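This report is meant to be read beside the sequence and the three-dimensional structure. Please keep both in view while following the residues named below.

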Amino acid sequence: MPKTVLVTGANGQLGSELQALASAYSKYEFIFTERKELDLSSSESIENFFKEKQFDVIINCAAYTAVDKAESDEEIAYVINHKAVETLAHIAKKKNISLIHISTDYVFDGSHFKPYTEDEPTNPQSIYGSSKLAGEEALQSINPRNSIIIRTSWVYSSFGNNFVKTMLHLGRERETLGVIFDQVGTPTYARDLASAVLTIIPQLSNNDVEILHYSNEGVCSWYDFAIAIFEMQSITCHVNPIETKEYPTPATRPHYSLLNKTKIKENYTLTIPYWRDSLRDCITQIMSVEG
């Protein structure tokens with residue numbers, strides 16, 4: 001019998017990539033939900049959804065991800081990123097469902113000098129980061145079996161709005177563009193993350209909730225990322241490196257958020273693509289859609 005996999009946030013970047021890959025994974029029966037089917041802002045709605053339904057796995061892609069808006073919208077950020085996760089974790093434990101929860105590099109303060117391992121102390125500097133950490137802690141406290149937290153960073157895709165699409169748009173419109181050079185991390189192509197999640201599911205066998213890190217391989221700044229996007233599309237827009245302080249935002253972003261991926265690679269026998277290779281694949285996908 002195929003495993004029944006529920007995907008929340010199905011129209012987001014990761015959810016959309018899981019939908020794109022679903023047909024290649026016949027061992028899973030996917031149920032994709034968005035807010036109209038499963039309202040994560042209401043614990044009652046979540047509990048009612050699961051009353052008559054049974055799943056083997058939940059992939060929780062849903063999140064409040066408007067990083068700057070969260071600074072003035074704290075209550076709803078915590079409802080989605082903390083309380084909904086808490087409710088899902090209780091249901092997963094009660095019904096013996098594996099819960100795969102997607103989290104973020106924003107749980108760290110970015111003051112590090114080497115890639116963050118899963119057991120490094122957390123210290124979020126934004127409401128978004130704090131609410132995501134609260135979700136992590138709730139899931140760990142409730143502790144449904146065969147469940148994991150995957151922290152990721154700088155997610156982009158051919159679906160939805162993201163840095164890659166913004167740069168392609170602005171690069172064609174403008175002669176010059178300022179992009180931050182003093183925030184360093186690694187981009188994550190959502191399709192690679194989706195593939196990793198689907199590879200991990202049959203290997204889940206842990207009593208305590210496990211934290212894992214996943215991004216593409218390598219390291220860059222946002223400035224380097226923009227340069228690579230323009231090079232791959234022969235866009236002639238000149239990119240000026242600017243400091244974070246020259247582009248103030250309501251939420252504080254980590255200056256350094258490189259994630260150490262040794263654990264996920266060794267425990268789940270994953271090969272992770274280099275960020276530039278994945279960027280090229282994504283841009284090819286975007287161009288094929290644009291025609």
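The model is predicted, so local features need pLDDT of at least 70 and side-chain atom pairs count only at pLDDT 80 or more, while totals for chains, interfaces and linings use all residues. Residues are numbered from 1 along each chain as its sequence is written, and side-chain values use heavy atoms, with hydrogens and water left out.

**Salt bridges**

The structure holds eleven salt bridges, a salt bridge being a side-chain nitrogen of Lys or Arg within 4 Å of a carboxyl oxygen of Asp or Glu.

| Pair | N to O distance |
|---|---|
| Arg-253 and Asp-68 | 2.7 Å |
| Glu-243 and Lys-245 | 4.0 Å |
| Arg-280 and Asp-277 | 3.7 Å |

Helices (H or I, at least four residues) and strands (E, at least two) are DSSP runs, numbered from the N terminus. Arg-253 is partly exposed at 22% relative accessibility, and Asp-68 is partly exposed at 24%; here buried means under 20% relative accessible area, exposed over 50%, and partly exposed in between (1.4 Å probe, protein chains only).

In the second pair, Glu-243 is partly exposed at 30% relative accessibility, whereas Lys-245 counts as exposed at 67%. Arg-280 and Asp-277 are three residues apart in helix H9 (residues 275–290), and are therefore separated by about one helical turn. Arg-280 is partly exposed at 41% relative accessibility, as is Asp-277 with a relative accessible area of 40%. Elsewhere, salt bridges that share partners join Glu-217, Lys-261 and Lys-265 into one network.

**A buried serine**

Ser-257 lies in the loop between E12 and H8 and is buried, with a relative accessible area of 1%. The side chain of Ser-257 makes a polar contact with the side chain of Asp-105 at 2.8 Å, where a polar contact is a pair of N or O atoms within 3.5 Å and, within protein, one must be able to donate a hydrogen and the other to accept it, residues adjacent in sequence counting only if both atoms are side-chain atoms. When neighbours within four places in sequence are left aside, the residues in contact with Ser-257 (heavy atoms within 4.5 Å) include Tyr-116, Trp-154 and Val-184.

**Enclosed elements and cores**

Helix H6 (residues 190–200) is largely enclosed by the rest of the structure, because eight of its eleven residues are buried; among them are Asp-192, Leu-193 and Val-197. In strand E3, Val-57 is buried, with a relative accessible area of 1%.

The largest nonpolar core has 31 residues, and those with the most contacts inside it are Leu-40, Ile-46 and Phe-50; a nonpolar core is a set of buried Ala, Val, Leu, Ile, Met, Phe, Trp, Tyr and Cys residues joined through side-chain atoms within 4.5 Å. The elements that give two or more residues to this core are helix H2 (43–51), H3 and helix H4 (127–142), with the largest share, eight residues, coming from H3. A second, separate core of 30 residues includes Leu-14, Ile-100, Ile-148 and Tyr-268.
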